[in-house]
Amino acid sequence: MRLIRSEFASVRRHRDLVLDFAPGVTVIGGANESGKSSLVEALHRTLFVRAASSGTAAQDLRSQLHAGHPQIKVEFETSEQHWTLLKRFSGPSGTTQLEAKGQAALIGSAAEDQLAHLLGVDEILNSRQVNKTLPSRWAHLWVKQGESGRDLLSLSDDHYDLNNLIECLEQKAEQSLQSPLDQRVHSQLERLVSESLSSRGVRQQSELWKRQEALQAAKERHTEKLEQLQDFELSCEELDRVEDKLRNLELERLPELRQQRQRLLQLQEAFQQLKPLTLQQQQLERNCATLRKLSADSTACRHNLAGLERELQTLETTCNVESNQIKEAQQRSADLEQQRQALEEQGLLLRQRKDRDELQQRLEGLSRQHEERQRLTAQHQRLTAAFNSIEGGTAKDLQQLNKTQEELRAIAIRIESMASTVLVESADQTIAIDGSQLKEGESCEQAGVFHIVVGEHVRLQISPGEGTGLSSLKKTEQSLQSALKAGLKLWKANSLEEAQQRSEQRNLLLQQQALIKAQLSQLVPPTGQQVPNLEELRLQLDVLNQGLPTKELKPDSDHEKELDQCRTQYRKLKDESETHQKNIRLLEIHHAAQQKQWQQKNLQQERLKAEQKQRINQHQLLEQEVGSQEQLSQLIETLTSQQRRLEVHIQDLQQPNPTPQHVDPKAELEALDRLEHQLTEQRHELGIQRGALLERCDSLGQADLHSAVAEASAKLDLATQAEQQEALLIRARSHLLQRFEQARSDLSQRYSNPLKRNINLVLQPLLANPNDGCSLSYDPKDGLQELGLQREGTLFTFNQLSGGMKEQLNAALRIAIAETLKERHGGCLPLLFDDAFTNTDAQRLKGVLGMLKLAVSKGLQIVVLSCDPEPYKSIADKVIMID
């Protein structure tokens with residue numbers, strides 16, 4: 001089958017598009033989203049989907065841009081016959097027309113059936129089969145976008161037309177796969193095995209299934225008879241056990257319980273007699289113990305009272321002594337306080353005297369400073385007046401004046417160096433220089449510009465050094481003289497020496513002013529410190545003099561030394577007073593503790609006396625009520641003898657079944673009643689069980705159970721033997737079928753080799769080593785599988801290959817399959833690659849182009865769709881660009 005032409009109308013992005021296919025390589029190029037994949041999908045559905053399909057089968061082709069239903073026309077040739085296929089996808093009303101050149105056109109289902117026959121498929125798909133089956137149609141010939149890196153052989157065998165491929169490979173095998181007899185034997189074995197076995201186990205209603213069902217029924221029957229026999233035997237054994245239990249209850253347990261009841265009643269009566277005796281004895285013992293305790297407590301209390309009396313006398317003596325010590329210490333503390341106050345007054349008086357002397361000294365010093373400050377201020381004013389009386393400029397002005405004088409001297413020297421000498425050597429006329437006549441042989445020196453008059457009509461002006469700037473020197477000299485006069489005028493001097501003398505006088509006066517300012521700054525208090533007022537200080541001195549005695553107004557002793565001595569005595573006296581006060585506090589604390597202890601002892605003594613009196617009264621009252629200790633002892637002995645007799649009687653009653661004394665016989669009687677009631681109910685239940693077991697044994701004993709079990713065992717053996725024979729037969733058939741399939745699998749390599757050789761031949765442009773090649777295997781059940789690549793002695797599975805190599809190996813596989821199947825399709829098949837080599841680099845793309853050229857040389861048709869068609873144009877027979 002070879003594609004010739006296709007026309008598309010209202011298909012997705014395309015309104016009207018015509019494609020003419022070359023017999024060899026056709027390249028269809030276009031940018032992304034230009035509709036190339038839409039053309040592939042439209043061609044695929046046109047060939048394999050019925051036009052009358054509804055749902056997504058037709059809607060996926062509908063255009064959202066152009067009106068009308070999708071319509072595709074495909075022209076192709078097969079078996080040297082030209083065909084034209086026209087389909088209009090409009091849902092259930094879709095139409096199909098298939099026409100062979102020179103023949104009548106087929107329409108509808110007839111056209112679809114003929115198309116399926118031409119394509120080599122079972123049927124054209126309807127809308128329900130599209131999603132499931134359409135992806136596998138021609139998946140081995142057409143590589144859609146995004147599927148080039150997927151392992152074709154990992155899909156189901158429908159994706160690479162395994163059945164037709166096997167038939168073609170068998171025809172090319174070196175010898176026949178199997179003889180017709182082998183085929184009939186294999187088919188017969190498959191039928192026999194399939195009649196008995198399915199993929200989920202034994203097939204129902206087969207002979208083996210019937211034998212297994214019969215065996216299961218025989219097992220159930222045998223088990224039922226065995227259970228009945230075991231039930232009968234167990235019922236008989238249970239009946240014997242029930243009768244033994246009944247005999248044990250009636251002859252042993254119940255009489256024993258009655259005897260035990262009688263003994264417990266007697267024991268209960270003895271306990272009832274013993275209880276009041278025990279209570280009376282305990283009461284007497286408590287009374288006797290109380291009398292003994294009161295006597296012992298009274299004796300101990302008398303001893304305690306005597307000891308407390310002695311302790312109280314000792315504490316009273318100690319308190320009196322400590323009280324006298326505290327009084328003496330307090331008197332001593334008062335004396336020390338008086339001495340301290342006297343020293344404090346003396347120290348205050350000495351501090352006042354010291355403050356008075358210091359204030360007086362400070363007042364005298366401030367007075368001297370004030371007088372010195374006034375003197376220096378007056379002297380500073382005189383110097384300022386003298387400085388102001390000397391007129392003149394600053395030191396800078398004087399320096400500038402000196403500079404001007406120096407420059408003027410330098411100018412004068414330069415001018416004098418330019419002086420001229422005029423000598424009259426001979427003359428016949430009168431010669432005069434600036435009005436002075438010169439005679440023959442006379443000479444004169446002139447500086448600067450001068451005039452020479454010769455006779456009456458000749459007058460010469462001589463400018464010495466005119467070429468060297470004499471005029472500019474003259475101007476400079478004049479300006480410097482003017483500046484010098486102005487500077488001397490500022491100083492009111494006639495000469496520079498006089499100005500310098502005036503400057504030195506001014507500097508001397510400035511130095512004296514600075515010295516006086518420094519002296520004044522020493523007399524002025526620091527910044528922030530207030531200048532003391534002399535009048536306020538005098539008033540403070542008068543106040544201090546008034547506060548002191550009159551005879552002490554003029555100090556005649558060292559107050560500082562006396563004040564230090566007073567402070568030393570005061571500190572010593574203060575330390576002694578503090579130590580004394582601390583001792584007093586310790587004495588008071590100890591005295592208070594002794595007094596508190598005396599009070600506690602006194603209270604304890606009074607409490608003991610009250611308790612002693614209470615015990616004596618209680619002892620007397622208790623003797624009046626119960627008697628003396630001798631009387632109580634006699635009563636206790638009498639009660640003890642009675643208790644012993646009752647205890648001996650109780651022990652005799654407990655001999656058969658010793659019971660601890662703390663156990664209540666009443667509780668045992670209640671437990672005994674419950675046990676007797678339980679035994680009665682048990683006897684009743686055993687009677688009911690005995691009747692039921694007797695009835696069951698009679699019912700089961702009517703039949704011969706042992707014979708029934710033997711019969712069931714024989715039938716089970718027969719069913720087991722029949723099932724084993726049938727299973728053995730099925731296993732033999734399955735084993736024989738497995739051996740047949742294994743033999744077929746071994747022979748399958750003979751026709752898989754042509755496919756491998758074709759793939760290796762196609763891959764040759766991409767493999768550098770001639771020993772490299774593809775690898776694949778064939779399984780009769782799973783078909784072709786394990787596609788891989790053998791390179792340099794190492795086998796790489798398909799998943800281990802790079803993305804580009806996967807695309808190239810898949811393309812080689814499809815070319816080999818198409819070459820194998822082409823004879824069944826008129827000697828040609830169209831291979832379509834939609835962006836199938838996106839992961840292939842530029843170097844390997846040359847090998848891919850060689851593969852495609854090789855496919856064309858073997859009679860195949862190649863259609864390549866790519867967004868970059870440039871690399872394929874070198875091998876293309878036709879290039880179509882889609883806008």
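Modeller: Helices here are DSSP runs of H or I with at least four residues, numbered from the N terminus, and the expected span of a helix is 1.5 Å times one less than its number of residues. The model is predicted, so local features need pLDDT of at least 70 and side-chain atom pairs count only at pLDDT 80 or more, while totals for chains, interfaces and linings use all residues. Residues are numbered from 1 along each chain as its sequence is written, and side-chain values use heavy atoms, with hydrogens and water left out.

Helix α16 covers residues 803–821; its 19 residues reach 27 Å from first C-alpha to last, close to the expected 27 Å. Neighbours within four places in sequence aside, Asn810 is in contact (heavy atoms within 4.5 Å) with Ser148, Gly149, Arg150, Asp151, Leu152 and Phe798.

Helix α9, residues 470–491, has 22 residues and reaches 32 Å between its end C-alphas, close to the 32 Å expected. Its buried residues are Leu470, Leu473, Glu477, Leu480, Leu484, Gly487, Leu488 and Trp491. They cover an arc (directions from the helix axis to the C-beta atoms) of only 95°, which puts them on the same side of α9. These buried residues pack against α8 (395–416) and α10 (496–523). On the other side of α9, Lys475, Gln478, Lys485 and Lys489 are exposed (over 50%). Lys492, with a positive phi near 60°, follows α9.

How values were computed:
Helix = DSSP H or I, 4+ residues; strand = E, 2+ residues; numbered from the N terminus. Buried < 20%, exposed > 50% of the residue type's maximum accessible area, 1.4 Å probe, protein only.
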